[in-house]
Amino acid sequence: MDRIVPDRVFTDAAREGLSASPKRMSPKWFYDAAGSALFERITELPEYYPTRTEISILRTHGEALARAVPAGAALVELGSGASIKIRLLLDALPELGAYVPVDISEDFLHASAAELALDYPALDIRPIAGDFTAPLDFPFDIAPRAKVAFFPGSTIGNLDPEGARRLMRTVRAWPGVAGFILGADLVKDETTLVAAYDDADGVTAEFNLNLLTRLNREAGANFDPERFAHRAIWNADAARIEMHLESLEDQSVQVDGLDVAFGKGETIHTESSHKYTPESLRSLAEETGWSCDELFTDAEMQFALAMLSP
Ligand code: AVJ
């Protein structure tokens with residue numbers, strides 16, 4: 001069972017989001033076991049450039065990034081998923097005190113931690129299952145240590161500007177905070193952006209539609225995924241890609257006993273993925289009490305990794 005979130009919390013979020021207008025669900029609900037596995041497939045798609053671009057930046061600048069991590073510190077990764085990128089830093093960090101992966105998908109988190117332990121037997125790995133936008137409960141022996149946050153993948157893009165600032169300030173206030181390595185996807189041409197969220201193989205469509213399957217299983221809903229379609233659009237004013245699930249007909253769905261009516265063409269907004277410019281990323285950092293020591297990008301300026309200090 002990959003439920004760290006009691007069903008009630010998910011069900012209440014569904015009732016609330018599907019009663020709202022426009023209808024919405026937080027993208028954090030994508031990551032049940034099936035959704036986490038689908039996301040890993042997305043990262044390997046030819047159209048989905050962020051993961052491989054960020055990995056190339058990590059390969060090029062891993063040594064410089066590692067220098068921002070004091071000996072004995074805890075490296076805390078927010079939304080650690082399969083814990084793949086961290087390996088590029090770990091190789092340059094023989095004196096790391098602990099690695100603390102934080103992820104909402106509990107089974108996936110523990111499986112990934114176990115796999116990492118096979119390759120790094122001397123590393124103290126201390127997973128925390130949970131939602132990283134809520135205050136983190138560090139284990140007693142981790143709490144007093146120096147900490148560096150690692151938030152790659154542009155997951156910060158899932159937060160609206162207000163939420164992003166809130167998270168930046170929360171991390172800034174961690175006891176012992178010594179740095180922040182932050183990855184963000186950059187604004188670019190619309191064709192490249194839309195293709196990354198609407199791939200030819202339909203993996204992203206499956207990832208989006210999997211939310212309906214999860215609602216059926218965990219929130220007592222009766223969606224027919226065949227009656228919905230995946231949509232990805234670039235909202236230039238808000239500098240974000242939006243994913244929606246569009247109802248292909250007028251229909252009514254039950255969710256935990258609640259009647260939810262859809263008009264044909266009506267959507268559930270399931271994700272926003274905000275894109276930054278080097279300038280907007282620096283401002284986000286500086287407005288929230290960080291100083292930006294380095295901003296590494298790839299040659300095509302597709303993706304940025306910022307090295308911040310308190
Ligand atoms: C995990 C939030 C970084 O926004 O690119 C990928 C999630 N959604 N394809 C992103 C996602 C659709 C991804 N993040």
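User: What makes the largest nonpolar core, and which residues have the most contacts inside it?

Analyst: In this predicted model, the largest nonpolar core has 49 residues. Leu75 and Phe150 are the ones with the most contacts inside that core. To belong to such a core, a residue must be buried and joined to others through C-beta atoms within 7 Å. Strand 13 (residues 303-309) gives the most to this core, namely 6 residues.

User: Which residues is Phe150 in contact with, once its neighbours within four places in sequence are left aside?

Analyst: Phe150 touches Leu75, Val76, Glu77, Ile86, Leu89 and Ile181. There is also a second, separate core of 25 residues, and Ala14, Ile104, Leu212 and Ile268 are included in that one.

User: How do you know whether Leu109 is buried or exposed?

Analyst: Let's count. Leu109 has 25 C-beta neighbours inside 10 Å. The cut-off for buried is 20 or more, so Leu109 counts as buried. You will find Leu109 in helix 5 (residues 106-119).

User: What is Leu109 in contact with, leaving aside neighbours within four places in sequence?

Analyst: The contacts of Leu109 are Ser80, Pro101, Asp103, Pro127 and Ala129. Take Ala129: Leu109 and Ala129 are 20 residues apart along the chain, and their C-alpha atoms are separated by 7.1 Å.

User: Is Gly183 buried or exposed, and how do you know?

Analyst: Gly183 has 25 other C-beta atoms within 10 Å, and 20 or more is what buried requires, so Gly183 is buried. Gly183 sits in strand 6 (residues 177-185). Beyond four places in sequence, Gly183 is in contact with Glu54, Phe151, Pro152, Gly153, Ser154, Phe303 and Leu305.

User: Which residues make the contact of helix 6 with helix 9?

Analyst: Helix 6 brings Ala164, Arg165 and Met168, while helix 9 brings Leu284, Ala285 and Glu287. By class, that contact has 4 nonpolar, no polar and 2 charged residues.

User: What makes helix 2 roughly antiparallel to helix 8?

Analyst: Again, look at the angle. Helix 2 (residues 33-42) and helix 8 (residues 203-218) pack at about 160 degrees, with axes 9 Å apart. Since angles over 145 count as roughly antiparallel, helix 2 is roughly antiparallel to helix 8. Helix 2 passes helix 8 in a left-handed crossing.

User: Which residues of helix 2 and helix 8 meet?

Analyst: From helix 2 come Ala34, Gly35, Leu38, Phe39, Arg41 and Ile42, and from helix 8 come Val203, Thr204, Glu206, Phe207 and Asn210. They divide into 6 nonpolar, 3 polar and 2 charged residues.

User: Why is Ala239 called partly exposed?

Analyst: Ala239 has 18 other C-beta atoms within 10 Å. Buried needs 20 or more and exposed needs 12 or fewer, so Ala239 falls in between and is partly exposed. Ala239 lies in the loop between strand 7 (228-235) and strand 8 (240-247). Ala239 also has a positive phi of about 50 degrees, although it is not a glycine. Beyond four places in sequence, Ala239 is in contact with Val187, His274 and Lys275.

User: How do you know that Met301 counts as partly exposed?

Analyst: Met301 has 13 C-beta neighbours inside 10 Å. Exposed would need 12 or fewer and buried 20 or more, so Met301 counts as partly exposed. Met301 is in the loop between strand 12 (291-297) and strand 13, and its phi is near 55 degrees, a positive value in a residue other than glycine.

Terms used: Residues are numbered from 1 along each chain as its sequence is written. This is a predicted model: local features need pLDDT of at least 70, side-chain atom pairs count only at pLDDT 80 or more; totals for chains, interfaces and linings use all residues. Two residues are in contact if their C-beta atoms, placed from the backbone, lie within 7 Å. Helices (H or I, at least four residues) and strands (E, at least two) are DSSP runs, numbered from the N terminus. Ala, Val, Leu, Ile, Met, Phe, Trp, Tyr, Cys and Pro count as nonpolar, Asp, Glu, Lys and Arg as charged, and the others, Gly among them, as polar. Axes are lines fitted to C-alpha atoms, for helices over the stretch in contact, and angles run from 0 to 180 degrees between N-to-C directions. Angles under 35 degrees count as roughly parallel, over 145 as roughly antiparallel, 65 to 115 as roughly perpendicular and the rest as oblique. A crossing is left-handed if the near helix is turned anticlockwise from the far one by less than a right angle, and right-handed if clockwise.
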